[in-house]
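User: I am new to this structure. Please walk me through one part of it, step by step.

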Amino acid sequence: ISHRRTQILMPQTVKSVRIHEYGGPEVLSFDDVEVGDPGPGEVRVRHNSIGINFADMHTRAGRYPLPHLPHCIGAEAAGTVEALGDGVDYLAVGDRVAYSSGGHALPRGAYCEARVMVADRLILLPDEIDDDTAAAMTTKGLTAHYLVFDVYPVGPDDTIAVHAAAGGVGQIICQWANALGARVIGIVGAPEKESVAAAHGCHHTLVRGRDDVVARVHSLTAGEGVPVVYDAVGADTFEESLHCLRPRGLLASYGTASGPIPPFDIFRLNQMGSLYITSAAFLWHLRNREEMLARARDLIDVVTRGDVKISIANRYPLANAAQAHRDMELRTTTGMSVLIP
């Protein structure tokens, strides 16, 4: 059976959330754009659900610059293949797929009804994974995978600490580490998030501003500290994370929701116990299709088994992307959020 196109499709007009300048949520513009035929190695995907990540806010604000303006933002989505370009023989029209363009492996531009994109970043979805779940979990789940299997391989003898444990990536890290047999200390930013973290894999849940996080982590580890802290918060939690580590422990920084980490004297790591720090980037852990698919298989497996539950707390119409950004930047959301075209 041939998967090649049987007709030439006319360009179509779709809605797209773009920025014409960098700035706050108010710069998001709901525009009409034209989408044409896929070229060699490309497909056209009709989006059914679009994931929202904190990196989208950094893109909008200019911290992750786009190649030109205006430009559609967004890194992940799930949908249906509408058309195939030449040379794409591993997908068929009608296939359900998801993708992540985290780390510039694919140009950003998911906040739209449909787009043309390279085919080799697409992940085929099984029937057990619906579109909202796929859109919410792809970037966050692939990130969690490389954090718990590569950046620091979590094992059954480990006690780990996870900041933003009620957030999207945090929930997946905590559940996955729990399934691997680790003891998980979840750290959240508000009391109302404590129960969310506890329900998603945390054995102990600490609230910043209420609990002395460093003292509690050390008391839970017989004074030793933890071998790894996963930290997506950044500036507000950097010092706290370092002080939670045991000698030769690792701070895995994979986000800066509260702002960039300030300049740091590396000799302090020597004084604090020969500590390690890594800035764990998506791009360098998903460098090719084979690596991406291997991680995706593990993610789909752990979700379909029920060891990791994907909690979608917020659904917004695509036209309300600005409100979604405002809600996330206030850090009042828990779990995952999606846009519905």
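**A helix and its strands**

Analyst: Start with the packing in this predicted model. The buried residues of α9 pack against β1 (12–19), β2 (28–35), α1 (54–61), β15 (312–317) and β16 (336–340).

User: Which residues of helix α9 are buried?

Analyst: Helix α9 covers residues 321–329. Buried means under 20% relative accessible area. The residues of α9 that are buried are A321, A322, A324, H325, D327 and M328.

User: What unit do β15, α9 and β16 make, and of which hand?

Analyst: β15 and β16 pair over five bridges, in the parallel sense. Together with α9, the two strands make a β-α-β unit that is right-handed.

User: Which residue stands opposite L339 of β16 in strand β3?

Analyst: Strand β3 (residues 42–51) is joined to β16 by two bridges. These two strands run antiparallel. The residue opposite L339 is I50.

User: How many of the five residues of β16 are buried?

Analyst: β16 has five residues and is mostly covered. The buried residues of α9 pack against β16, among other elements. The number of buried residues in β16 is four.

User: Which residues does G255 contact, leaving aside neighbours within four places in sequence?

Analyst: G255 lies in the loop between β13 (245–253) and α7 (267–271). Contact here means heavy atoms within 4.5 Å. The contacts of G255 are D231, A232, V233 and G234.

Technical notes
Residues numbered from 1 in each chain as written. Predicted model: local features only at pLDDT ≥ 70, side-chain atom pairs only at ≥ 80, totals over all residues. Heavy atoms only, no water. Buried < 20%, exposed > 50% of the residue type's maximum accessible area, 1.4 Å probe, protein only. Pairing = 2+ DSSP bridges. Right-handed = clockwise from strand over helix to strand, strands pointing away.
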